[in-house]
Amino acid sequence: MALSPKLEMRHSQSLIMTPQLMQAIKLLQLSNLDLTAYVDAELERNPLLEKGTSEGDGPGEPVHEATDNDFSGDGSDIGSPSDSDGGTFESSAEDWLQKDLQPGSEQIAGNMDADLGNVFPDDPGISANESNTRLTSEGDAFKSSSTSSSSGEGYNLEAFVAQDETLTGMLEEQMHLVISDPVDKIIAQHLINSLDESGYLLIDMEEAAELLGVEEARVEAVLVILQTFEPAGMFARSLAECLGLQLKDRNRFDPAMEALLDNLELLGRYEYAALRRVCGVDEEDLEEMIAEIKALDPRPGRMFGGAPLQPMVPDVLVRQASDGSWAIELNADTLPKVLVNQTYYARVATTARKEGEKEYLTDCLQTANWLVKSLDQRAKTILKVSSEIVRQQDGFLTYGIAHLRPLNLKTVADAVGMHESTISRVTSNKYMMTPRGIFELKYFFSSAISATVGGGDAHSAESVRHRIRQMIDGESSDAILSDDTIVKILKEDGVDIARRTVAKYREAMHIPSSVQRRREKRARR
């Protein structure tokens with residue numbers, strides 16, 4: 001076989017992920033907070049982008065290109081408050097500054113019956129002109145601060161809120177009062193930094209001693225001191241030790257209580273007979289001991305709170321219309337309002353001489369236009385997918401979780417003409433506010449119970465879990481429902497489900513078994 005070079009032509013199709021396409025896909029899966037941060041970064045990077053407002057552009061302002069993603073309503077201009085003479089607030093404030101804040105030093109000295117050099121010894125010899133100049137500048141600062149504060153942008157009210165006391169700060173204050181040795185302070189600070197948010201110690205004493213280069217006995221001695229700090233129960237290494245520290249603080253730690261803490265697993269299983277034998281007490285004393293245990297705090301560090309909670313802002317708003325249908329709209333507060341300044345681009349492009357400058361401006365314009373289109377497409381896609389979800393889950397919105405239909409990504413994707421991956425990105429980190437509460441869009445997607453008795457409609461797994469919880473919550477102490485009984489009741493209602501599936505759903509909802517529930521309810525009688 002001879003080897004020889006030759007030319008061939010081949011036709012093929014391929015999908016290339018351009019930077020613009022990657023940006024559009026990225027925007028789809030961002031939450032409203034991440035999207036705001038991304039747009040703010042683009043506003044800083046691109047000089048042709050501007051943040052839109054609800055107010056219209058005034059005369060003389062550059063004309064901006066309106067975008068479809070600006071869903072804010074048309075707001076009327078609010079004029080400045082006028083005084084009785086028809087002047088504006090600024091003019092009245094200026095007159096007030098001119099008349100009342102600019103007297104000469106002689107007039108001030110006469111009114112106060114004192115010399116300015118004696119009243120202000122740090123600033124002697126201020127002339128009338130210097131005083132007027134200084135007061136005028138201060139008056140201008142007052143006017144600017146008044147104007148900015150009236151618009152709500154002069155200062156941040158959250159800056160005046162007192163900071164919450166933290167667990168670490170409170171323990172450090174006690175440490176400086178109790179411990180004086182510098183080495184012990186270093187050990188104590190390391191142990192404080194090793195606490196979790198509940199107040200438990202996460203580090204081993206041998207490991208801490210090796211890390212700090214000291215003897216383990218010294219670390220243990222410092223730990224004993226730290227365990228006396230407020231709130232009681234801090235620096236415990238187990239639940240039993242945490243409860244024991246609190247009982248010692250209340251002077252209620254005796255041998256019977258110590259035996260109870262050593263057998264907390266029996267208390268968790270409501271095996272009171274075994275506890276009475278271990279503790280050596282009668283039934284009345286055991287009830288009192290258990291009541292004391294229940295009055296303790298198993299997580300003493302939680303009273304100081306953790307990271308501030310962020311409010312959940314819905315992306316889609318759903319409300320019932322007057323005709324009984326559902327009205328779906330996007331939350332305008334979560335949609336970034338971005339404008340492209342075409343006038344500024346035209347003015348700067350005419351003055352650009354270098355080729356690099358022209359390429360930079362062209363690239364900025366293309367990026368800005370694409371970002372606006374991507375935001376617009378993102379909003380339309382979210383609205384389209386949300387509308388289909390509402391259509392599919394109309395029964396849930398009307399009657400409740402028991403009527404939640406089984407739904408998957410493919411069903412919605414086929415209905416709206418998109419790919420399943422697109423639906424997955426759209427429903428990630430997006431929330432919908434309905435008359436029944438705020439739910440993540442992924443909440444409405446639930447698997448179906450494969451088989452039903454009598455060939456009826458399929459039931460979603462979420463609705464079945466809800467029915468199981470309802471049955472268990474409504475059971476009495478004399479008629480505890482086992483998993484087999486729950487399966488029988490569900491089959492009578494047309495839901496064919498296996499016993500292991502009921503057990504799996506029950507464990508996922510953190511519901512104990514029928515034996516544990518029977519012991520618990522008998523103990524409460």
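Modeller: The model is predicted, so local features need pLDDT of at least 70, side-chain atom pairs count only at pLDDT 80 or more, and totals for chains, interfaces and linings use all residues. Residues are numbered from 1 along each chain as its sequence is written, and side-chain values use heavy atoms, with hydrogens and water left out.

Biologist: Why is the contact of R252 and E292 called a salt bridge?

Modeller: A salt bridge is a side-chain nitrogen of Lys or Arg within 4 Å of a carboxyl oxygen of Asp or Glu. R252 and E292 stand at 2.8 Å, N to O, so the pair qualifies.

Biologist: What parts of the chain does the pair link?

Modeller: Distant ones: R252 is in the loop between α11 (239-249) and α12 (255-262), and E292 is in helix α15 (residues 283-294), 40 residues apart. Helices (H or I, at least four residues) and strands (E, at least two) are DSSP runs, numbered from the N terminus.

Biologist: Why is R252 called partly exposed?

Modeller: Buried means under 20% relative accessible area, exposed over 50%, partly exposed in between (1.4 Å probe, protein chains only). R252 has 32%, so it is partly exposed. E292, at 22%, is partly exposed too.

Biologist: What makes D496 and K491 a salt bridge?

Modeller: Their closest N and O atoms are 3.9 Å apart, so the pair meets the definition. D496 has a relative accessible area of 31%, so it is partly exposed.

Biologist: How many salt bridges does the structure hold?

Modeller: The structure holds 20. K6, E8 and R10 are linked in a network of them.
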